[in-house]
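Notebook open, model loaded. I went through a handful of residues one at a time and jotted down what I found.

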Amino acid sequence: MSLSIGIVGLPNAGKSTLFNALLKKQIADVAPYPFCTVEPNKGIVEVPDGRLPVLAKITGVSKIIPAVVEFIDIAGLVKGAHKGEGLGNKFLANIREVSIICHLIRFFKDDNIAHVEGRVDPESDVEIINSELILADLQTLDKQKEVKFTNNKEEKIRWEAIVKLKQELNQGKLATRVDLSDQQRELIKELFLLTDKPVIYLANVGEDQLADQKVISDFKYQPVIAISAKMEFELAALSDEDQKEYLTQYHLSEPGLNRLIKQAYQTSGLISFFTTTGNKEVRAWTIKQETDAKDAAGAVHSDFKDNFIKADVVSFEDFVQYGGWVNARAAGKVRSEGKDYLVADGEVVEFKIGV
């Protein structure tokens, strides 16, 4: 499955700088004034996974295909976006397309970069965007009409969910935090509510703030990841060895962008499994947690799902310890699983299919 992350925030929060760091090159325009980004910038980013090179070494292949994430740098939002203020309509339409929202919040101070509200106030910035998303969702909900005189049970459950959502969103609550049943949640998916999407909060701090955990520990919205978009952009131009040396200065073990992608997987309930294709390639595949073997096969190819027979499965740790399929099988570490088996994160899988 594909994971798309929309980077949102007020103008001049650092979205385009972060986007350019993600892609390790300059694609998005960066300027110290609002609405530098009009059309959304889109880019595909590899998911960092240190297990892939290990598998490649064991299997003797040179081709590694990692899982990928699509990042979308969306135009900055201002008060009144739900009414079309600024680039509001375009902003809201672009958010509807993404799987998860990465909310970049300006913590850094720089007199040379204008703040659209004239001050740096992270919590207020979050509340502005949340309010606009809630108001846009209320407009969507207000357009829904009750189907009266119906015996359709699902229609009644759907309407009950809509009534509850309207009540709670009017109280300032996001749709993700409204207590709905699984069935209600499923029935309102077709509405594509903006506040029903998972959110990651990302604090764009100055380099001098990176080591100060108090900066984010006191922040009202949690969990939050501290990142310096400016530093990440500079890191992207360095070799792996120079990156490590650079990060050590700030007592960091990995770039903030790696932490962002890992958090996106966790927030979205995603995992990776691996396939090895003879001496050709090793590859990572993205699936939802609790995905059965047959549907996991479908992630590789629809024919694999249609003609699924079984899946040979071994944990990453056993695959490494025993040096590949042959020895892992000899040691009894490879299991043959049926279509209902739930694939776990990091497992190496070989699908058996019929003709």
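I started with D240, which is found in helix α9 (residues 240-248); helices here are DSSP runs of H or I of at least four residues, strands are E runs of at least two, and both are numbered from the N terminus. This is a predicted model, where local features need pLDDT of at least 70, side-chain atom pairs count only at pLDDT 80 or more, and totals for chains, interfaces and linings use all residues. Residues are numbered from 1 along each chain as its sequence is written, and side-chain values use heavy atoms, with hydrogens and water left out.

Is D240 buried or exposed? I get a relative accessible area of 60%, so D240 is exposed (buried is under 20%, exposed over 50%, partly exposed in between, with a 1.4 Å probe and protein chains only).

Next, S268 in helix α10 (residues 256-268). S268 counts as buried because its relative accessibility is 9%. Its side chain reaches the backbone oxygen of A264 at 2.9 Å.

Then I looked up N12, in the loop between β1 (3-8) and α1 (15-23). Its relative accessible area is 10%, so N12 is buried. What does the side chain of N12 reach? I found the backbone oxygen of A114, at 2.8 Å. I also checked N12 against R177: 165 residues apart along the chain, with 28 Å between the C-alpha atoms.

Last entry: A297, in helix α11 (residues 293-300). A297 is buried, at 0% relative accessible area.

Key. Polar contact = N/O pair within 3.5 Å; in protein donor to acceptor, adjacent residues only side chain to side chain.
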